[in-house]
Amino acid sequence: MGVDLRQVVAGILTITMFVMLGQMLHRDYFDAAQEKIQGDSHDIEFQGSKVAVEDGIVRAIEGNKGLWMEDSHELKPCWSISQSDEAVSSKGYVTFSLTNGPEYHISQITDAVMVAKHLGATLVLPDIRGSKPGDEMNFEDIYDVDKLVKSLESVVKVVKKLPSHVSLRDIAIVKVPTRVAEDYIKEHIDPIFKSKGNIRVTTYFPSVNLRKSSRDAETDPVSCLAMFGSLELQTGVSELVESMVQRLKTHSKKSGGRFIAIDLRVEILEKKNCHETGAVGSKTCYNAQEIALFLRKLGFDSDTTIYLTQPRWDSSLNILKDIFPKTFTKEAIMPSDKKSKYLELENSEYENVIDFYISSRSDVFVPAIPGLFYANTVGKRIALGKPQVLVPAEITGTSGVPTDYISPYISKKNHLAYSCFC
(Lines give C-alpha, C1' and ligand atoms only; values in the text may rest on other atoms or scores of the structure.)
Protein backbone atom coordinates (compact mmCIF):
# COMPACT_ATOMS: atom_id res chain seq x y z
CA MET A 1 0.00 0.00 0.00
CA GLY A 2 1.48 3.40 -1.08
CA VAL A 3 1.94 6.37 1.20
CA ASP A 4 0.18 9.61 0.28
CA LEU A 5 2.88 12.27 0.69
CA ARG A 6 0.22 15.00 1.11
CA GLN A 7 -1.23 13.20 4.16
CA VAL A 8 2.25 12.90 5.71
CA VAL A 9 2.95 16.62 5.22
CA ALA A 10 -0.47 17.54 6.63
CA GLY A 11 0.16 15.35 9.66
CA ILE A 12 3.54 16.97 10.33
CA LEU A 13 2.03 20.47 10.08
CA THR A 14 -0.76 19.53 12.49
CA ILE A 15 1.70 18.13 15.06
CA THR A 16 3.92 21.20 14.66
CA MET A 17 0.96 23.50 15.31
CA PHE A 18 0.04 21.75 18.56
CA VAL A 19 3.68 21.70 19.72
CA MET A 20 3.87 25.45 19.14
CA LEU A 21 0.61 25.95 21.03
CA GLY A 22 1.83 23.86 23.93
CA GLN A 23 5.07 25.83 24.12
CA MET A 24 3.23 29.11 24.17
CA LEU A 25 0.88 27.99 26.91
CA HIS A 26 3.44 26.35 29.16
CA ARG A 27 6.40 28.66 28.59
CA ASP A 28 4.59 31.97 28.51
CA TYR A 29 5.33 32.49 24.83
CA PHE A 30 2.47 34.95 24.34
CA ASP A 31 3.21 38.21 22.61
CA ALA A 32 0.68 40.62 24.11
CA ALA A 33 1.60 43.36 21.65
CA GLN A 34 0.83 41.22 18.57
CA GLU A 35 -1.69 43.05 16.42
CA LYS A 36 -4.36 41.18 14.49
CA ILE A 37 -3.74 41.11 10.75
CA GLN A 38 -6.14 40.87 7.85
CA GLY A 39 -7.19 37.50 6.56
CA ASP A 40 -9.22 34.51 7.68
CA SER A 41 -9.08 34.24 11.46
CA HIS A 42 -11.08 33.01 14.43
CA ASP A 43 -10.70 32.97 18.19
CA ILE A 44 -10.57 29.80 20.24
CA GLU A 45 -10.06 28.93 23.89
CA PHE A 46 -7.41 26.40 24.81
CA GLN A 47 -7.12 25.36 28.46
CA GLY A 48 -8.64 28.67 29.50
CA SER A 49 -6.40 30.93 27.39
CA LYS A 50 -7.70 32.79 24.36
CA VAL A 51 -5.60 32.51 21.23
CA ALA A 52 -6.28 33.45 17.64
CA VAL A 53 -5.72 31.20 14.63
CA GLU A 54 -4.83 33.44 11.71
CA ASP A 55 -3.93 31.91 8.38
CA GLY A 56 -2.89 28.75 10.20
CA ILE A 57 -0.60 30.59 12.65
CA VAL A 58 -1.36 30.56 16.37
CA ARG A 59 -1.04 33.96 18.04
CA ALA A 60 -2.00 35.39 21.43
CA ILE A 61 -4.93 37.80 21.53
CA GLU A 62 -3.78 41.25 22.57
CA GLY A 63 -4.18 41.75 26.31
CA ASN A 64 -4.29 38.03 27.10
CA LYS A 65 -0.89 37.57 28.64
CA GLY A 66 -0.78 34.63 31.01
CA LEU A 67 -2.93 31.59 31.55
CA TRP A 68 -6.14 33.34 32.52
CA MET A 69 -9.49 31.58 32.56
CA GLU A 70 -12.64 33.40 31.58
CA ASP A 71 -15.56 34.01 33.94
CA SER A 72 -18.53 31.71 33.51
CA HIS A 73 -22.08 33.01 33.46
CA GLU A 74 -23.32 34.31 36.80
CA LEU A 75 -25.48 31.65 38.37
CA LYS A 76 -29.04 32.26 39.49
CA PRO A 77 -30.63 31.20 42.79
CA CYS A 78 -32.38 27.85 42.59
CA TRP A 79 -34.19 28.29 45.88
CA SER A 80 -37.76 29.52 46.18
CA ILE A 81 -39.61 30.48 49.33
CA SER A 82 -42.87 28.58 49.71
CA GLN A 83 -45.83 29.51 51.88
CA SER A 84 -44.62 27.11 54.55
CA ASP A 85 -41.35 29.07 54.74
CA GLU A 86 -43.02 32.40 55.42
CA ALA A 87 -42.41 34.22 58.69
CA VAL A 88 -44.52 33.35 61.73
CA SER A 89 -45.15 35.83 64.54
CA SER A 90 -43.68 35.08 67.94
CA LYS A 91 -43.07 36.82 71.23
CA GLY A 92 -39.67 35.20 71.60
CA TYR A 93 -36.32 36.54 70.37
CA VAL A 94 -33.12 35.04 68.98
CA THR A 95 -29.93 37.05 69.54
CA PHE A 96 -26.38 36.38 68.30
CA SER A 97 -23.09 38.05 67.38
CA LEU A 98 -20.92 37.95 64.27
CA THR A 99 -17.34 36.99 65.14
CA ASN A 100 -13.95 36.07 63.65
CA GLY A 101 -14.32 37.66 60.22
CA PRO A 102 -16.65 37.54 57.19
CA GLU A 103 -15.98 33.88 56.42
CA TYR A 104 -17.53 33.07 59.81
CA HIS A 105 -20.22 35.74 59.53
CA ILE A 106 -21.79 33.92 56.59
CA SER A 107 -22.20 30.72 58.56
CA GLN A 108 -23.31 32.52 61.73
CA ILE A 109 -26.06 34.51 60.03
CA THR A 110 -27.26 31.36 58.30
CA ASP A 111 -27.52 29.36 61.52
CA ALA A 112 -29.23 32.18 63.41
CA VAL A 113 -31.81 32.65 60.65
CA MET A 114 -32.47 28.92 60.51
CA VAL A 115 -33.02 28.78 64.28
CA ALA A 116 -35.30 31.85 64.35
CA LYS A 117 -37.28 30.62 61.36
CA HIS A 118 -37.94 27.12 62.67
CA LEU A 119 -38.75 28.41 66.16
CA GLY A 120 -41.04 31.10 64.79
CA ALA A 121 -38.96 33.69 66.69
CA THR A 122 -37.95 37.27 65.96
CA LEU A 123 -34.27 37.77 65.02
CA VAL A 124 -32.35 40.60 66.65
CA LEU A 125 -29.76 42.38 64.49
CA PRO A 126 -26.32 41.16 65.61
CA ASP A 127 -23.32 43.17 66.71
CA ILE A 128 -19.85 42.39 65.33
CA ARG A 129 -17.05 41.30 67.63
CA GLY A 130 -13.37 40.99 66.82
CA SER A 131 -10.80 38.57 68.19
CA LYS A 132 -9.66 40.89 70.99
CA PRO A 133 -11.69 41.92 74.07
CA GLY A 134 -13.40 45.22 73.42
CA ASP A 135 -13.36 44.86 69.63
CA GLU A 136 -17.04 45.57 69.05
CA MET A 137 -18.79 47.18 66.10
CA ASN A 138 -22.35 47.79 65.04
CA PHE A 139 -23.75 45.67 62.23
CA GLU A 140 -24.21 48.78 60.07
CA ASP A 141 -20.50 49.64 60.35
CA ILE A 142 -19.82 46.90 57.81
CA TYR A 143 -23.06 45.55 56.41
CA ASP A 144 -26.22 46.97 54.85
CA VAL A 145 -29.03 46.79 57.44
CA ASP A 146 -31.84 47.50 54.98
CA LYS A 147 -30.60 44.76 52.65
CA LEU A 148 -30.62 42.21 55.47
CA VAL A 149 -34.07 43.14 56.75
CA LYS A 150 -35.63 43.26 53.29
CA SER A 151 -34.05 40.02 52.07
CA LEU A 152 -35.27 38.10 55.13
CA GLU A 153 -38.67 39.72 55.57
CA SER A 154 -40.48 36.84 53.90
CA VAL A 155 -39.04 34.22 56.27
CA VAL A 156 -38.22 35.89 59.58
CA LYS A 157 -38.89 39.20 61.29
CA VAL A 158 -35.75 41.20 62.10
CA VAL A 159 -35.56 43.99 64.71
CA LYS A 160 -32.60 46.28 65.31
CA LYS A 161 -32.58 46.04 69.10
CA LEU A 162 -33.79 43.74 71.82
CA PRO A 163 -36.83 45.34 73.49
CA SER A 164 -36.06 47.01 76.81
CA HIS A 165 -38.53 44.82 78.69
CA VAL A 166 -36.51 41.67 77.88
CA SER A 167 -33.99 40.95 80.62
CA LEU A 168 -30.65 39.37 79.81
CA ARG A 169 -31.44 36.88 82.58
CA ASP A 170 -34.29 35.61 80.43
CA ILE A 171 -31.99 34.65 77.58
CA ALA A 172 -30.61 31.11 77.42
CA ILE A 173 -27.31 30.56 75.61
CA VAL A 174 -27.54 27.74 73.07
CA LYS A 175 -24.62 26.32 71.07
CA VAL A 176 -25.47 24.99 67.61
CA PRO A 177 -23.30 23.21 65.03
CA THR A 178 -22.77 25.09 61.81
CA ARG A 179 -25.22 24.12 59.02
CA VAL A 180 -27.76 23.32 61.73
CA ALA A 181 -30.75 21.39 60.39
CA GLU A 182 -34.44 21.63 61.23
CA ASP A 183 -34.48 18.25 63.01
CA TYR A 184 -31.68 19.36 65.34
CA ILE A 185 -33.51 22.60 66.12
CA LYS A 186 -36.73 20.78 66.98
CA GLU A 187 -35.01 18.23 69.19
CA HIS A 188 -32.38 20.30 71.00
CA ILE A 189 -33.35 23.98 70.83
CA ASP A 190 -37.14 24.17 70.73
CA PRO A 191 -37.60 22.81 74.30
CA ILE A 192 -35.19 25.45 75.66
CA PHE A 193 -36.91 28.22 73.71
CA LYS A 194 -40.33 27.20 75.00
CA SER A 195 -38.98 27.17 78.54
CA LYS A 196 -37.03 30.45 78.48
CA GLY A 197 -38.84 32.38 75.74
CA ASN A 198 -35.62 33.93 74.38
CA ILE A 199 -32.26 32.45 73.35
CA ARG A 200 -28.79 33.53 72.30
CA VAL A 201 -27.25 31.39 69.56
CA THR A 202 -23.52 30.73 69.29
CA THR A 203 -22.25 28.66 66.37
CA TYR A 204 -19.45 26.13 66.71
CA PHE A 205 -17.63 24.53 63.79
CA PRO A 206 -17.14 20.75 63.91
CA SER A 207 -15.84 21.09 60.34
CA VAL A 208 -14.76 23.98 58.13
CA ASN A 209 -15.42 22.33 54.78
CA LEU A 210 -18.52 23.25 52.79
CA ARG A 211 -18.84 20.13 50.69
CA LYS A 212 -22.32 18.99 49.82
CA SER A 213 -23.60 16.03 51.79
CA SER A 214 -26.50 13.67 51.18
CA ARG A 215 -28.76 15.89 53.28
CA ASP A 216 -27.95 18.83 51.02
CA ALA A 217 -29.66 17.20 48.04
CA GLU A 218 -32.67 19.38 48.85
CA THR A 219 -31.06 22.25 50.70
CA ASP A 220 -33.40 24.27 52.88
CA PRO A 221 -34.30 27.39 50.83
CA VAL A 222 -34.17 29.50 54.00
CA SER A 223 -30.56 28.41 54.50
CA CYS A 224 -29.68 29.33 50.90
CA LEU A 225 -31.34 32.73 51.24
CA ALA A 226 -29.53 33.51 54.49
CA MET A 227 -26.14 32.29 53.26
CA PHE A 228 -26.11 33.92 49.85
CA GLY A 229 -28.81 36.60 49.85
CA SER A 230 -28.68 38.48 53.15
CA LEU A 231 -25.23 39.98 53.79
CA GLU A 232 -24.15 42.91 51.63
CA LEU A 233 -21.52 45.55 52.37
CA GLN A 234 -22.71 48.99 53.38
CA THR A 235 -22.00 51.72 50.86
CA GLY A 236 -18.76 53.13 52.33
CA VAL A 237 -17.03 49.75 52.65
CA SER A 238 -18.33 48.60 49.27
CA GLU A 239 -16.94 51.72 47.57
CA LEU A 240 -13.58 51.20 49.27
CA VAL A 241 -13.35 47.60 48.05
CA GLU A 242 -14.31 48.71 44.55
CA SER A 243 -11.64 51.43 44.53
CA MET A 244 -8.98 48.91 45.60
CA VAL A 245 -10.08 46.43 42.94
CA GLN A 246 -9.82 49.17 40.32
CA ARG A 247 -6.30 50.08 41.48
CA LEU A 248 -5.26 46.45 41.09
CA LYS A 249 -6.76 46.41 37.60
CA THR A 250 -4.86 49.58 36.74
CA HIS A 251 -1.60 47.85 37.67
CA SER A 252 -2.64 44.95 35.41
CA LYS A 253 -2.99 46.69 32.05
CA LYS A 254 -0.65 44.27 30.30
CA SER A 255 -2.81 41.33 31.37
CA GLY A 256 -6.11 42.91 30.43
CA GLY A 257 -6.83 44.25 33.91
CA ARG A 258 -6.66 40.80 35.48
CA PHE A 259 -5.10 40.09 38.87
CA ILE A 260 -4.59 37.22 41.31
CA ALA A 261 -5.64 37.27 44.98
CA ILE A 262 -3.73 34.96 47.33
CA ASP A 263 -4.83 34.16 50.87
CA LEU A 264 -1.39 34.08 52.44
CA ARG A 265 -0.94 35.21 56.06
CA VAL A 266 2.48 34.79 57.65
CA GLU A 267 1.11 34.49 61.19
CA ILE A 268 -0.93 31.43 60.22
CA LEU A 269 1.88 29.91 58.16
CA GLU A 270 4.10 29.97 61.23
CA LYS A 271 1.69 27.85 63.24
CA LYS A 272 2.62 24.21 63.71
CA ASN A 273 -0.47 22.72 62.05
CA CYS A 274 0.39 24.56 58.84
CA HIS A 275 3.50 22.41 58.36
CA GLU A 276 1.71 19.08 58.56
CA THR A 277 0.97 17.03 55.46
CA GLY A 278 -2.31 15.52 54.34
CA ALA A 279 -3.24 11.85 54.01
CA VAL A 280 -1.77 11.62 50.52
CA GLY A 281 1.43 13.41 51.41
CA SER A 282 0.40 16.83 50.14
CA LYS A 283 1.15 20.00 52.08
CA THR A 284 -1.67 21.86 53.77
CA CYS A 285 -0.11 25.33 53.57
CA TYR A 286 2.27 27.01 51.15
CA ASN A 287 4.73 29.85 51.81
CA ALA A 288 5.63 32.76 49.56
CA GLN A 289 8.42 30.97 47.72
CA GLU A 290 6.31 27.89 47.07
CA ILE A 291 3.42 29.99 45.78
CA ALA A 292 5.75 31.94 43.51
CA LEU A 293 7.14 28.75 41.96
CA PHE A 294 3.65 27.31 41.60
CA LEU A 295 2.40 30.33 39.66
CA ARG A 296 5.50 30.55 37.45
CA LYS A 297 5.25 26.87 36.52
CA LEU A 298 1.64 27.46 35.53
CA GLY A 299 2.83 30.13 33.11
CA PHE A 300 1.98 33.39 34.89
CA ASP A 301 4.68 35.88 33.96
CA SER A 302 6.57 38.36 36.12
CA ASP A 303 4.24 41.21 35.14
CA THR A 304 1.26 39.55 36.85
CA THR A 305 -0.43 41.65 39.54
CA ILE A 306 -0.95 39.91 42.89
CA TYR A 307 -2.96 40.90 45.97
CA LEU A 308 -2.07 39.31 49.32
CA THR A 309 -4.32 39.04 52.38
CA GLN A 310 -1.24 39.47 54.61
CA PRO A 311 -2.02 42.49 56.88
CA ARG A 312 1.37 44.23 56.56
CA TRP A 313 4.46 43.51 54.53
CA ASP A 314 6.77 40.85 55.97
CA SER A 315 10.34 40.14 54.87
CA SER A 316 9.42 36.49 54.17
CA LEU A 317 7.33 37.79 51.25
CA ASN A 318 10.32 39.36 49.48
CA ILE A 319 10.94 36.25 47.39
CA LEU A 320 7.42 36.49 45.99
CA LYS A 321 7.92 40.16 45.11
CA ASP A 322 11.28 39.38 43.50
CA ILE A 323 9.53 37.02 41.08
CA PHE A 324 6.30 39.03 40.78
CA PRO A 325 7.22 42.71 41.37
CA LYS A 326 3.57 43.80 41.24
CA THR A 327 2.70 42.12 44.54
CA PHE A 328 0.71 44.25 46.98
CA THR A 329 -0.82 44.13 50.43
CA LYS A 330 -3.79 46.34 51.27
CA GLU A 331 -1.63 49.14 52.74
CA ALA A 332 -0.06 49.71 49.31
CA ILE A 333 -3.27 50.07 47.33
CA MET A 334 -5.71 51.58 49.82
CA PRO A 335 -6.43 55.27 49.21
CA SER A 336 -4.41 57.31 51.72
CA ASP A 337 -7.46 59.17 53.04
CA LYS A 338 -9.04 55.85 54.08
CA LYS A 339 -6.12 54.38 56.01
CA SER A 340 -6.81 56.12 59.31
CA LYS A 341 -10.23 54.48 59.50
CA TYR A 342 -9.62 51.10 57.92
CA LEU A 343 -5.95 50.30 58.63
CA GLU A 344 -4.73 52.20 61.66
CA LEU A 345 -7.33 50.99 64.15
CA GLU A 346 -6.66 48.04 66.44
CA ASN A 347 -9.85 46.43 65.15
CA SER A 348 -9.06 44.13 62.23
CA GLU A 349 -12.63 43.40 61.12
CA TYR A 350 -12.48 45.97 58.33
CA GLU A 351 -9.28 44.41 57.02
CA ASN A 352 -10.75 40.90 57.09
CA VAL A 353 -13.80 42.09 55.15
CA ILE A 354 -11.64 43.85 52.55
CA ASP A 355 -9.58 40.69 52.04
CA PHE A 356 -12.64 38.49 51.68
CA TYR A 357 -14.42 40.65 49.12
CA ILE A 358 -11.31 41.37 47.03
CA SER A 359 -10.56 37.62 46.99
CA SER A 360 -14.12 37.01 45.84
CA ARG A 361 -13.72 39.53 42.99
CA SER A 362 -10.24 38.64 41.72
CA ASP A 363 -9.70 36.99 38.34
CA VAL A 364 -7.89 34.09 40.01
CA PHE A 365 -7.96 33.10 43.68
CA VAL A 366 -5.19 31.00 45.24
CA PRO A 367 -5.70 29.73 48.82
CA ALA A 368 -2.25 29.20 50.34
CA ILE A 369 -4.04 28.28 53.57
CA PRO A 370 -6.97 25.85 53.99
CA GLY A 371 -10.00 26.67 56.10
CA LEU A 372 -13.28 28.55 56.15
CA PHE A 373 -11.89 31.63 54.36
CA TYR A 374 -11.08 29.40 51.39
CA ALA A 375 -14.40 27.54 51.55
CA ASN A 376 -16.64 30.60 51.79
CA THR A 377 -14.63 32.58 49.24
CA VAL A 378 -15.19 29.73 46.78
CA GLY A 379 -18.93 29.80 47.57
CA LYS A 380 -19.07 33.53 46.87
CA ARG A 381 -17.12 33.09 43.63
CA ILE A 382 -19.41 30.28 42.45
CA ALA A 383 -22.40 32.57 42.89
CA LEU A 384 -20.59 35.33 40.94
CA GLY A 385 -19.59 33.01 38.10
CA LYS A 386 -15.86 33.16 38.98
CA PRO A 387 -14.67 29.54 39.13
CA GLN A 388 -10.97 30.38 38.76
CA VAL A 389 -9.70 28.94 42.05
CA LEU A 390 -6.28 27.26 41.87
CA VAL A 391 -5.23 25.06 44.80
CA PRO A 392 -1.43 25.10 45.23
CA ALA A 393 0.66 21.96 44.86
CA GLU A 394 4.27 21.04 44.25
CA ILE A 395 4.61 20.72 40.48
CA THR A 396 7.24 18.26 39.36
CA GLY A 397 9.04 19.27 36.21
CA THR A 398 9.22 22.70 34.68
CA SER A 399 5.56 23.45 33.94
CA GLY A 400 1.97 22.58 34.77
CA VAL A 401 -1.52 23.06 33.36
CA PRO A 402 -3.85 25.33 35.37
CA THR A 403 -6.89 23.13 34.82
CA ASP A 404 -5.14 20.34 36.77
CA TYR A 405 -5.20 22.51 39.90
CA ILE A 406 -8.78 23.81 39.89
CA SER A 407 -10.32 23.50 43.35
CA PRO A 408 -12.24 20.21 43.84
CA TYR A 409 -15.10 22.35 45.16
CA ILE A 410 -15.49 23.50 41.56
CA SER A 411 -14.11 20.68 39.41
CA LYS A 412 -16.33 18.16 41.22
CA LYS A 413 -19.14 20.66 41.84
CA ASN A 414 -19.35 19.44 45.41
CA HIS A 415 -19.52 22.85 47.13
CA LEU A 416 -22.66 23.62 49.08
CA ALA A 417 -23.24 26.61 46.79
CA TYR A 418 -24.14 24.24 43.94
CA SER A 419 -27.18 23.19 46.00
CA CYS A 420 -28.37 26.81 46.01
CA PHE A 421 -27.40 28.04 42.53
CA CYS A 422 -27.87 26.71 39.03
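**View 1. Ser407 is a buried residue, with a relative accessible area of 0%.** Buried here means under 20% relative accessible area, exposed means over 50%, and partly exposed lies in between, with a 1.4 Å probe and protein chains only. The model is predicted: local features need pLDDT of at least 70, side-chain atom pairs count only at pLDDT 80 or more, and totals for chains, interfaces and linings use all residues. Residues are numbered from 1 along each chain as its sequence is written, and side-chain values use heavy atoms, with hydrogens and water left out. Ser407 sits in the loop between helix H13 (372–384) and helix H14 (408–411). Helices (H or I, at least four residues) and strands (E, at least two) are DSSP runs, numbered from the N terminus. With neighbours within four places in sequence left aside, Ser407 is in contact with Tyr374, Val389 and Val391. Contact means heavy atoms within 4.5 Å.

**View 2. The whole chain has 14 helices and 15 strands.** Of its 422 residues, 50% count as buried. Among contacts between residues at least 6 apart in sequence, 72% join residues at least 24 apart.

**View 3. An open sheet is formed by 4 strands in the order E14-E13-E12-E15, with parallel pairing.** E14 and E15 stand at the edges with a single partner strand each, so one side of each is left without a neighbour in the sheet. Helix H6 packs on this sheet and touches E12, E13 and E14; the direction of H6 makes about 120 degrees with that of E12. H13 also packs on the sheet, where it touches E12 and E15, and its direction makes about 165 degrees with that of E15. For these angles, axes are lines fitted to C-alpha atoms, for helices over the stretch in contact, and values run from 0 to 180 degrees between N-to-C directions.

**View 4. Strands E12 and E15 pair in the parallel sense over 4 bridges.** Two strands pair if DSSP finds at least two bridges between them. Val364 in E15 is the bridge partner of Ile260, and Phe365 in E15 is that of Ala261. From strand E15 (residues 364–367), Val364 and Val366 point one way while Phe365 and Pro367 point the other way, and all are buried.

**View 5. Helix H6 has 16 residues (residues 235–250).** At 1.5 Å a residue H6 should span 22 Å, and its end C-alpha atoms are 22 Å apart, which agrees. The expected span is 1.5 Å times one less than the number of residues in the helix. Val237, Leu240, Val241, Met244, Val245 and Leu248 are the buried residues of H6. They cover an arc of only 135 degrees around the axis, which puts them on the same side of H6. This arc is that of the directions from the helix axis to the C-beta atoms. Thr235 and Glu239 are exposed, on the face of H6 turned away from its buried side. The buried residues of H6 pack against several elements, including strand E12 (259–263), strand E13 (305–308), strand E14 (327–328) and helix H12 (349–361).

**View 6. Gln234 lies in the loop between helix H5 (221–229) and H6.** Gln234 counts as buried, at 16% relative accessibility. At the start of H6, a side-chain oxygen of Gln234 reaches to within 2.6 Å of the backbone nitrogen of Gly236. A polar contact is a pair of N or O atoms within 3.5 Å; within protein, one must be able to donate a hydrogen and the other to accept it, and residues adjacent in sequence count only if both atoms are side-chain atoms. Gln234 and Glu140 are 94 residues apart in sequence, yet 6.9 Å apart in space, C-alpha to C-alpha. Beyond its neighbours within four places in sequence, Gln234 is in contact with Glu140, Asp141, Ile142, Tyr143 and Asp144.

**View 7. Gln310 is in the loop between E13 and helix H9 (318–323).** At 9% relative accessibility, Gln310 counts as buried. A polar atom of the Gln310 side chain lies 2.8 Å from the backbone oxygen of Arg312. Not counting residues up to four places away in sequence, Gln310 touches Leu264, Arg265, Val266, Leu317, Thr329 and Lys330.

View 8. E5 and strand E7 (residues 127–129) pair in the parallel sense over 3 bridges, and Leu98 stands opposite Ile128 in E7.
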